[in-house]
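Trainee: Hello! Could you show me how to read a new structure, one feature at a time?
Mentor: Gladly; here it is.

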Amino acid sequence: MVLYKLEDFEPSYQESFDGHDIKGLGVYTQGSDEKVGTVSDVLVDEEGHFRYLVVDLGFWIFGKKVLLPIGRARIDYNVDRVYTIGLTREQAEDLPEFNERQTLDYDYEERVRGVYRQPTDYNLPVEAATPLDPLAGLDPLGAPVAALDTTPTYARDSYTYDNEPALYGLNEQDHQTLKLYEERVIASKRRQKTGEVTIGKRVETDTARIAVPVERERVVIERVTPADAGTAVSGREADFREGEVARIEIHEETPEIRKEAFLREEVRVRKVVDQDTVETQETVRREELDVNSGNLPIEER
């Protein structure tokens, strides 16, 4: 049976315990309220079931760590304590030391279970005991007393933790737990596309009209009667010639039209985010504790 450290098996294990961390809790004997040590780790099986608490016995035995079966522990988060059930100092001394580098095989666990299977009452007559072993104690008069024969009655290949609910069971009276659940409304947002805006350019044509003043030349012929009309002239002055031509160049202006492109305006496109609050409602359920104790006194913490 392979065992794992709780943190290696489930790194987020504290979420299952409402943020509580069992590691670091003080370990006390039940009844005498004497501090035994501190929980340094938790060992779970392949299915995640608690099997052992690793207890540092710094208050009893300095520097020694031992395994405490979960069935012999009662966890009280109200006072941040772990109470051992039936663990004595003598048993703590007899427990094999836990070493993280050591393989936890069946033989090692049997040594652990063998100590917890021992009775806490050593006042047994020597005659009633089977052969003495190193675990024997002394009665109140100082006479040697043999410990009970702790030879396991389980087979190596068929042993399961269910064989010994006194060591590993969590359904005893001291371990009953009633979990109350409630529903919460969790709000989240989902981004979805609601449309698309397309922005482009197109070319439109129009007829532009412009007035251009132009000049044209024309020939004006004027016939006038000079003031000395009718006065005789000399033969040398009167030069009769045939075919004489006067030439005058005529000009006119014509409009020349050309087009020139220039920047008219800029169009800037951007997005803005408008914020709004959407209210919704949902029916949620919650479990409440219903205690029916009759006339018995009940204390709630």
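Mentor: Let us begin with terms: helices (H or I, at least four residues) and strands (E, at least two) are DSSP runs, numbered from the N terminus. This is a predicted model, where local features need pLDDT of at least 70, side-chain atom pairs count only at pLDDT 80 or more, and totals for chains, interfaces and linings use all residues. Residues are numbered from 1 along each chain as its sequence is written, and side-chain values use heavy atoms, with hydrogens and water left out.

Trainee: How many helices and strands are in the protein chain?
Mentor: The protein chain has four helices and nine strands. Their order along the sequence is β-α-β-β-β-β-β-β-α-α-β-β-α.

Trainee: What share of the residues is buried?
Mentor: Buried means under 20% relative accessible area, exposed over 50%, and partly exposed in between (1.4 Å probe, protein chains only). Of the 301 residues in the protein chain, 23% are buried. In strand β4 (residues 50–56), six of the seven residues are buried, leaving the strand mostly covered.

Trainee: What lies between β3 and β4 in their hairpin?
Mentor: Five residues separate the two strands there, and G48 takes a positive phi near 85°.

Terms used
Two strands pair if DSSP finds at least two bridges between them.
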